[in-house]
Amino acid sequence: MTSKDRTSTICQVLYYFSVLSLYVVPLMLLGVWFYADQLVAGNGMIPDSVIQHPLPVTTKTFLVLLTAIMISPAYWGLFSLRRFLAACSTEDYLTLQNSRDLKRFAFGLMGTALISPITGAVLSVILTLHRPAGQKMLAINISSNQIILVAIGGLLFILANLLKRASLIADENAQIV
């Protein structure tokens, strides 16, 4: 019984963290707008000398939009994670809805990891768009963070499928008794 209490408590703490994240992530977009020059200067892919400073409003707008596009799958996944953790904090583990919510969170992680190289490439073109022909840059970056995010998402997807099987077995056993 003690382990269920610990699991429920941990799920409840993670639930509050996920709810907090749902409020913090949109505020991060405001930070991208106000600190766009510093973010672009420290990007590491494009030399600072080829980027126009200060950034024009249109470039900042595209930067915020691309950031929103990149984090939207993870944000969608956070809503599902919140539902999953809310159910688990009440010790309601083996349901088909929990399996679906965990799968959605896994897809959100994998989606963000797969979209980020594309949005990074588009951003590199936008940042060097003001340069003359032949000096524009296209930078594609695939990092170990993205690979790890896809791997964790895949692992969570497998666990969600196992949770679905366990819930079906639990339902079948409940009908027998």
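**Notes on a predicted helical model**

1. Let's start at serine 99: apart from neighbours within four places in sequence, serine 99 is in contact with Ala160, Leu163 and Lys164. Keep in mind that this is a predicted model. Serine 99 sits in helix α4, which covers residues 96–127. With a relative accessibility of 2%, serine 99 counts as buried.

2. Next, the annotated spans. An unreviewed UniProt entry marks residues 13–36, 62–85, 105–127 and 147–163 as "transmembrane region". In the model, residues 13–36 are 96% helix and 0% strand, with the end C-alpha atoms 33 Å apart. Residues 105–127 come out as 100% helix and 0% strand, and there the end C-alpha atoms are 32 Å apart.

3. Now the rings: you'll find three aromatic pairs in the structure. One of them joins tyrosine 75 and phenylalanine 79, whose centres are 5.2 Å apart; their planes meet at 85°, so this pair is edge-to-face. Both residues belong to helix α3 (residues 57–89), and because they are four residues apart, about one helical turn separates them. Tyrosine 75 is partly exposed at 24% relative accessibility, and phenylalanine 79 is partly exposed at 34%.

4. Phenylalanine 107 and phenylalanine 157 make a tilted pair, 5.2 Å centre to centre with 40° between the planes. Phenylalanine 107 is in helix α4 and phenylalanine 157 in helix α5 (residues 144–176), so this pair ties together parts 50 residues apart in sequence. Phenylalanine 107 has a relative accessible area of 41% and is partly exposed; phenylalanine 157, at 27%, is partly exposed too.

Notes:
Residues are numbered from 1 along each chain as its sequence is written. This is a predicted model: local features need pLDDT of at least 70, side-chain atom pairs count only at pLDDT 80 or more; totals for chains, interfaces and linings use all residues. Side-chain values use heavy atoms; hydrogens and water are left out. Helices (H or I, at least four residues) and strands (E, at least two) are DSSP runs, numbered from the N terminus. Buried means under 20% relative accessible area, exposed over 50%, partly exposed in between (1.4 Å probe, protein chains only). Contact means heavy atoms within 4.5 Å. UniProt positions are given in the numbering used here, feature names are shortened, and annotations may be inferred rather than shown by experiment. Rings of Phe, Tyr and Trp (its six-membered ring) pair if their centres lie within 6.5 Å; planes under 30 degrees apart count as stacked, over 60 as edge-to-face and the rest as tilted.
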